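Read the following with the chain in view.

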Amino acid sequence: ELPPAEIKPDGMSTSSFSTGRDTLETDLFQQVEIASGATAAGRAGSPNLGGRVSFTTKSPEDFLRDGKQSHLGYKFGYQSANKSRAHTLTGATQIGAVQALGIYVRRDGEQAKSEGDIAPNPQDWDSNALLTKFVWGAHTGNRLGLSVEHFDRGTQYTNASEVTASMPQAPQQDATDRRSRISLEHRYTPAQGLAVFDSLESRIYYQSAEAKNLTFVPEVIPR
């Protein structure tokens, strides 16, 4: 499960070109849970009163079922609205008591189509996402999992709508978003009647996120 998705102290709007700071890849998720209200927020340890959003990434158990020892899959996706293409490669295997999973997702696209009279500003973007996960003791009372995840996205944006007689060259922006995470989790499920709880889960993680925007605004020198 990823860290809570509440707004961070530096999550404010600036004067950049709204290329976004989305560093989540949907093809890596097994489940997305949305809980509303202050009670749900309090359970997650979140400072938000509006609730919480919980993201759970896929695991080897999702692909290795009914005695299956390995899995290899490829998926292609296309969206005509922004001409985006997605390539997803998934591999899973089990060696002894250890299960392993690897997922790589590559996406690229451009600006979304506009039905209006004004052409949208040109935009080219691409992203890469990687998830590796190892599980010891799957389907047992002692489950130990190690996850490593990385996401990066690059966007080139041209603000062509700002071109005027006084500014003949359009401002441009190069945006880079990166997020890396490593987590270790343990789940203990005691035998029936031996404890006062159904299961006990512990998790420790480290996450690093970076958003970088380089903006070029042509200088206009009056004559």
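Where pLDDT is low, the predicted coordinates should not be read in detail. For the protein chain, the mean pLDDT is 82, with 79% of residues at 70 or more.

This is a predicted model, in which local features need pLDDT of at least 70 and side-chain atom pairs count only at pLDDT 80 or more, while totals for chains, interfaces and linings use all residues. Residues are numbered from 1 along each chain as its sequence is written, and side-chain values use heavy atoms, with hydrogens and water left out.

An open sheet is formed by 7 strands in the order 3-4-5-6-7-8-9, with antiparallel pairing. Strands are DSSP runs of E, at least two residues long, numbered from the N terminus; two of them pair if DSSP finds at least two bridges between them. Strand 3 and strand 9 (200–216) are at the edges with a single partner strand each, so one side of each has no neighbour in the sheet. From one strand to the next, the twist averages 5°, with axes as lines fitted to C-alpha atoms and angles running from 0 to 180 degrees between N-to-C directions. Strand 7 (residues 142–158) and strand 8 (residues 172–188) run antiparallel and are joined by 17 bridges. Leu 144 stands opposite His 186 in strand 8.

Most residues other than glycine have a negative phi. Asp 66, not a glycine, has a positive phi of about 55°; its place is in the loop between strand 2 (51–57) and strand 3 (70–79). Lys 83, also not a glycine, has a positive phi of about 55° and is found in the loop between strand 3 and strand 4 (84–95).

Conventions: Helices (H or I, at least four residues) and strands (E, at least two) are DSSP runs, numbered from the N terminus. pLDDT is the predictor's confidence in each residue, from 0 to 100.
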